[in-house]
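Q: I have a structure open and want to talk it through. Can you take my questions as they come?

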Amino acid sequence: MTSALGAFGIYLAGVFVLAWWSNRLSAAGSGGFVSEYFLGRRNFGMWAFALTFAATNASGGTFIGFPALIYSHGWSLAWWIASFMMVPLVGMGLLGKRLNSVARRARAVTIPEMIEERFGSRAVGSLATWIVIVFMFFYLLAQFKAGAKILSTLLADVPAFQQAVGWIAGAADGVPLIGAADPAYLLCLVAFAASVIAYVVYGGFRAVVWTDVMQGFVMFAGVVIMLGFALSQAGGLGNATRQLAEATPPEFATARLAWDAPAERDRVIRRGTWLPHGDTAVKLTADAMVAAGAVEAAVPALALTSAGDVRRVTITPAEEWPAGLRVAALEEIERYKAGAGQPGTYLSAPGPHRSEAAGFLPLTAAFSLFVFWAFGATGQPANMVRLMAFKDTPTLRRSIVTVAIYYSVIYFSLVVVFCCARVLLPGMENDPDRIMPEFAAHLTAAAGWPWLAGLLLAAPFAAVMSSVDSYLLMVSSSLVRDVYQRRLKPDASEKTLRRLAHGATALIGAAAFLAILDPPDRLQDIIIFASGGIAGCLLVPMVLALYWPRMNAAGMVAGMLGGFAAHAALTCAGYLETKQFKAGELLGIDAFVWDIIFSAAAIAVASITAPPPRAIIARFFGRPPA
Amino acid sequence: MPGPTEPSDEGAPVDLDPDFLRSRREATWIVLLWGALFAWTFLYGKAHAFAPQTGEIETVAGMPRWVFWGIAVPWLTATLASVGFAAFVMRDHALEAVEGEGDEESSAGGKEGR
């Protein structure tokens, strides 16, 4: 683990060197501070633009949540993610040239500023500003949590880290706000937040882009290395698929443990212990607390149900148990609602599911997701602002090619890798979010290269970092440029703007840090609300703002509010039905699809009012002066 | 020869920028391409992905047959189409330099066609 930590340390050092170099480039350039700090003077070439776009789209979900889903549901995830085949072309090609051109004509540095200029309306610009700030802040929270979790996974077995956690626990005890936080999580959150805030404040957009480039390479290398190891250790993809065909979902139960003689002292049988039980194997999914004098205990457990899976797990050595320890019985057995006892369920749609009888991917979900991934990515403001930053159209064309190849390799390979993981490392269904670090450690240890685990774990960390830095800068640019400079103090000096930009970035990062000290259990639901919501608000209005000269300010406002209203209404309906912060699925179709339908309908109705002024049409759609 | 115009309530119609019209045609093609690949994956998946995988498992290139023909092949097609679109269909045009940003090179690579 020490060597893995070393590899990870080299990655982090590389991030800071790039931030320093970016800062030097910024200082050497000419032009205004705001344009440089928030948009890098829109002169990025192919590698910078392509990889910042690719890396920003790959978040913690790509390397933590997505592998967990593949592991839990099998090959149906290939269909679930299939829309990414079109994300490069739709996400960059649909808006790229027009957005860049209109932003230049508007001399805009941010998306809300561009919208305000396009419609000649401060009210429209203000609405866009607050939509961006509110939704992006939710994103920021989720990625901070993911970064801290990944770091704590990496460091969990390092003695120095455990000592530091003990020290933090003592120091934070009784301190308001931070005293209640898990000390390991707190320490990692401090380290993650401090490092990201430092390089974003120091280097601005240019540092974010160039660190994204490095992070993009790290992600690519991590996935390709894992693919090679996984295929090699699974005996090839065909062999992995055939073994996966024999697998059946595990059962969750309460294991009643018994042993021969009363325990002489209090002791703990650790979570993760594997015990034999008849012709199956049982994994304890929580620590079993054994009191002195006791002869039995009950503990939550997971039981494998297929012979192939049982063969592949390693029963924990008996010397770690009380004498004669055995699983006396499995009680309160919970079987999967879809796929239980069905060989082949991991190979076909809808895939197994623990709580949904319809399975993981019913047809309506497959339909929704093919719309959502491609167009949802197009509607993300963090992507749009990157489309404002490429230097010329050849850069855009080459970047589409680069990202198309990049995404094909990354996403399809991840499906293959974690289908192999389900075969090679069964029994992780109780905590599937840990499959990425566990499988990385498993593969590198089996290959005899344990230090490589550091690089493989740097991949999800890089994905989180490359998203956090972008969202952090989005929020601060909206506050500094759209609220302060354009509303409150148009004649602010460069020096003031510089101080304010640095201060706002640090302050927003600190606010996100404090807000996520005690992360809610269902944070993933908030992420889905934020990602679907902002794309539902902005996608259709932005497309029409760029391609339909007749689109007016009333249409833009109606489109944004229409999308927001649909998303809010479906979320309320979903909450009433499930008691979870989750958008309802009308007719089984994802809320995002309804959002864009309502948004388009609202624009159609509102646009019957007066067309935009001639000067606006001429400025953004007319022939440029000779 | 005069090109397409956008009517205006305030006087003469606005002559539309040919680069804008070209971008709009390209955007239309992108949406149509997305629609074609959506139809391929969705219809093939609907017909084949839900069939129970029992008995002798039929794989192509190591993956279930429906994944190969319904996902992997359209994915490869989409990637090739994206490359082809960017290389042969999408046209370059000049992007306006923004005064004060020091991006003099911004228009250099984007002059008129390829």
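Q: Which residues touch the most other members in the largest nonpolar core?
A: In this predicted model, A:Tyr11, A:Trp75, A:Trp79, A:Phe144, A:Phe418 and A:Phe439 do, in a core of 227 residues. A nonpolar core here is a set of buried Ala, Val, Leu, Ile, Met, Phe, Trp, Tyr and Cys residues joined through side-chain atoms within 4.5 Å. Buried means under 20% relative accessible area, exposed means over 50%, and partly exposed is in between, with a 1.4 Å probe and protein chains only.

Q: What helix gives the most to this core?
A: Helix α11 of chain A, residues 183–234, with 26 residues. Helices (H or I, at least four residues) and strands (E, at least two) are DSSP runs, numbered from the N terminus.

Q: What is A:Trp75 in contact with?
A: Leaving out neighbours within four places in sequence, its contacts in chain A are A:Leu237, A:Thr241, A:Leu244, A:Tyr346, A:Leu347, A:Val415, A:Val416 and A:Cys419. From chain B, A:Trp75 contacts B:Met63, B:Pro64, B:Trp66 and B:Val67. Contact means heavy atoms within 4.5 Å.

Q: And the second core, how many residues?
A: That separate core has 17 residues, including A:Ala255, A:Trp259, A:Leu275 and A:Ala288.

Q: Before going on, what are the ground rules for numbering and confidence?
A: Residues are numbered from 1 along each chain as its sequence is written, and chains are lettered from A and ligands numbered from 1 in the order in which they are written. The model is predicted, so local features need pLDDT of at least 70 and side-chain atom pairs count only at pLDDT 80 or more, while totals for chains, interfaces and linings use all residues; side-chain values use heavy atoms, with hydrogens and water left out.

Q: Fine. What is the secondary structure of chain A?
A: Chain A has 23 helices and 7 strands. Its C-alpha trace spans about 90 × 50 × 45 Å along the principal axes.

Q: How does its radius of gyration sit with a compact globule?
A: It agrees: a compact globule of 626 residues would be near 25 Å, and chain A has 26 Å. The radius is taken over C-alpha atoms, and the globule rule is 2.2 Å times the number of residues to the power 0.38.

Q: What share of chain A is buried?
A: Buried residues make up 61% of its 626 residues. Among contacts in chain A with a separation of 6 or more, 81% are between residues 24 or more positions apart.

Q: Then chain B. In what order do its elements run?
A: From the N terminus they run β-β-α-β-β-α, which comes to 2 helices and 4 strands. Of the 114 residues of chain B, 43% count as buried. For chain B, residues 24 or more positions apart account for 42% of the contacts with a separation of 6 or more.

Q: Back to chain A. Where is the cis peptide bond at A:Pro350?
A: It joins A:Ala349 and A:Pro350, with omega about 5°. A:Pro350 is in the loop between β7 (326–334) and α14 (363–378) of chain A.

Q: What about phi of A:Glu332?
A: Phi is near 50°, a positive value in a residue other than glycine. A:Glu332 is in strand β7 of chain A and counts as exposed, at 66% relative accessibility.

Q: And A:Leu587, what is phi there?
A: Near 60°, also positive in a non-glycine residue. A:Leu587 is in the loop between α21 (553–578) and α22 (591–606) of chain A, and it is exposed, with a relative accessible area of 68%.

Q: Is A:Arg42 buried or exposed?
A: A:Arg42 is buried, with a relative accessible area of 0%. Its place is in the loop between α2 (33–39) and α3 (46–57) of chain A.

Q: How far is A:Glu494 from A:Arg42?
A: Their C-alpha atoms are separated by 19 Å, and they are 452 residues apart along the chain. A:Glu494 is in helix α19 (residues 494–515) of chain A and is partly exposed, with a relative accessible area of 40%. Between A:Glu494 and A:Phe33, 461 residues apart along the chain, the C-alpha separation is 6.4 Å.

Q: Last one: what does A:Ile168 touch?
A: Not counting residues up to four places away in sequence, A:Ile168 touches A:Pro183, A:Leu186 and A:Leu187. A:Ile168 is in helix α10 (residues 159–172) of chain A and is buried, at 15% relative accessible area.
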